[in-house]
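Here's a quick briefing to read alongside the model. Have the sequence and the 3D view open as you go.

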Amino acid sequence: HIGRSMDELDQNCVGQVLEHAPPQETVTWEDPGGAQYRVTPTETYETPEGRYCREYQTTATIGGRTERVYGTACRQPDGSWQIVN
């Protein structure tokens, strides 16, 4: 549900958090529509294929409803982050 609620700007914010925030550091923002997001990278690792990946936790409050999601994203050759789990 969270991923479908995020616009491109919010998804770019998640990518910036994954790229720059150290493990266990939570980054919080509110989008213009009033949705609030908290993203915390938890683990960082390199796959056997050499891809840089991060596990993370996202908490979103949208329309007064809070949802928590755990996921994994890996950096693509162009520097963007792709959710893989």
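Asp 10 is found in helix α2, with helices (H or I, at least four residues) and strands (E, at least two) taken as DSSP runs numbered from the N terminus. This is a predicted model, where local features need pLDDT of at least 70, side-chain atom pairs count only at pLDDT 80 or more, and totals for chains, interfaces and linings use all residues. Residues are numbered from 1 along each chain as its sequence is written, and side-chain values use heavy atoms, with hydrogens and water left out.

**Around Asp 10**
- Asp 10 has a relative accessible area of 1%, so it's buried (buried is under 20%, exposed over 50%, partly exposed in between, with a 1.4 Å probe and protein chains only).
- Leaving aside residues up to four places away in sequence, Asp 10 touches Trp 29, Asp 31 and Tyr 37 (contact means heavy atoms within 4.5 Å).

**The disulfide**
- There's 1 disulfide in the structure (a pair of cysteine sulfur atoms within 2.5 Å).
- Cys 53 and Cys 74 make that bond, with their sulfurs 2.0 Å apart.
- Cys 53 sits in strand β3 (residues 52-62) and Cys 74 in strand β4 (residues 65-75), so the pair ties together parts 21 residues apart in sequence.
- The S-S torsion is about 100°, so this disulfide is right-handed.
- Cys 53 is buried at 0% relative accessibility, and Cys 74 is buried too, at 5%.

**Gln 24**
- Gln 24 isn't a glycine, yet its phi is positive, at about 75°.
- Look for Gln 24 in the loop between α2 (8-20) and β1 (27-30).
- With 53% relative accessibility, Gln 24 counts as exposed.
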